[in-house]
Amino acid sequence: MKILHTIQDARRFVWNLRSGGQSVGLVPTMGALHAGHLSLVEQGRKSCDAVVTTIFVNPTQFAANEDLDKYPRTIERDIELLSAAGCDAVFIPDVSEMYPDGSSTFVKAPDVGKPLEGEFRPTHFDGVATVVLKLFQILPTSHAFFGQKDYQQLRVIETMVRDLNVPIEIMPCPIVRESDGLAMSSRNRYLSDSERQRALCLSRALAGVQTAFQNGQRDVAKLTEILHAPLADTPDSQGVDRVDYAVIVDCENLQPIDTISASAVALLATHVGTTRLIDNCVLRCE
Ligand code: AMP
């Protein structure tokens, strides 16, 4: 596996493959890799001739009060995992390579980024859209793989690619979970044992909604009650410390709906201790 640090080397690597007629898949990450990330690499290998992963903890998507400085960095292990997963190259730029002095052009994320995460993290999706568009320019791949774990992020990127005519096919990939249901996340390592136990209420809440939906419930108010119940922090329950949002919304524009006629998405953002956890599930009528 090639390890690339400069934009020039990264671009040349992708261009050599593409000019030889090969399809190339891009897997953007912030590192601290787990099986969720590796599932994107695996999907990339199935769909494309070659796969390039990027590892970059992007400062422009973190607000001043967020965890940029303490975000886990496990670069040597990440390289081993990617190599074992059959990734062809990894691009690991410095912050100064991505944002040299004087860098002042930013992407304004589309409207689908405004509700939910956009309300709690107002500058987040502008930072995500900016770095992802930069990666698309640096690594002009044919496909790019994103996890549905970050559902709203996926919708932001799909919309940006459509609006700005970016010639890259976005490939959504399913959420990978631990055997007990916890959605894999680089931030799970912040959780103490008891917090991790409480964090299971997110996937329990989504499973409850999924079951009610499968049993025919289409009323969003009723489904939302089912979504909230396991999150409640009562003395005898194992809920979360704070709910930023727990909603069921239109799965395209993420706007509120009253009933589910075709499909919707249940989206959760909560705090367990000092760790912010997100999870979701898509509800689709057969
Ligand atoms: P991150 O390193 O958190 O920025 O994530 C990089 C990519 O991996 C994003 O497309 C995420 O949606 C995806 N990802 C993270 N966790 C998971 C997971 N548990 N299952 C599937 N994809 C994931």
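Reader: Which ring does Arg-218 lie over?
Author: Arg-218 lies over the face of Phe-213, 4.0 Å from the ring centre. A charge counts as over a ring if NZ of Lys or CZ of Arg is within 6 Å of the ring centre and within 35 degrees of the ring normal. This is a predicted model, where local features need pLDDT of at least 70 and side-chain atom pairs count only at pLDDT 80 or more, while totals for chains, interfaces and linings use all residues. Residues are numbered from 1 along each chain as its sequence is written, and side-chain values use heavy atoms, with hydrogens and water left out.

Reader: And what about Lys-70, which ring is that over?
Author: Lys-70 lies over the face of Tyr-190, at 4.2 Å from the ring centre.

Reader: Ring pairs next. How many aromatic pairs are there?
Author: The count is 4 aromatic pairs. Rings of Phe, Tyr and Trp (its six-membered ring) pair if their centres lie within 6.5 Å; planes under 30 degrees apart are stacked, over 60 edge-to-face and the rest tilted. One of them is Phe-62 with Tyr-71, edge-to-face at 5.9 Å centre to centre and 75 degrees between the planes.

Reader: Are Phe-62 and Tyr-71 buried or exposed?
Author: Both Phe-62 and Tyr-71 are buried (under 20% relative accessible area, with exposed over 50% and partly exposed in between; 1.4 Å probe, protein chains only).

Reader: Why is the pair of Phe-136 and Phe-146 called edge-to-face?
Author: Because their ring centres are 6.4 Å apart and their planes are at 80 degrees. Phe-136 lies in helix 6 (residues 124-138) and Phe-146 in strand 5, so the pair ties together parts that are 10 residues apart in sequence. Helices (H or I, at least four residues) and strands (E, at least two) are DSSP runs, numbered from the N terminus. Phe-136 and Phe-146 are buried as well.

Reader: Now the ligand. Which residues are the closest?
Author: His-37, Gly-147, Asp-150, Val-176 and Met-184 are the closest of the 16 residues that surround the ligand, near meaning a heavy atom within 4 Å.

Reader: What does Met-184 do there?
Author: A backbone N or O atom of Met-184 lies 2.8 Å from a nitrogen atom of the ligand. The protein covers 93% of the 490 Å² of accessible area that the ligand has on its own (Shrake-Rupley method, 1.4 Å probe).

Reader: Which element gives the largest share of the shell?
Author: Helix 2, with 3 residues. Helix 2 spans 35-47, and strand 2 (24-29) and strand 5 (143-147) also supply at least two residues each.

Technical notes
Polar contact = N/O pair within 3.5 Å; in protein donor to acceptor, adjacent residues only side chain to side chain.
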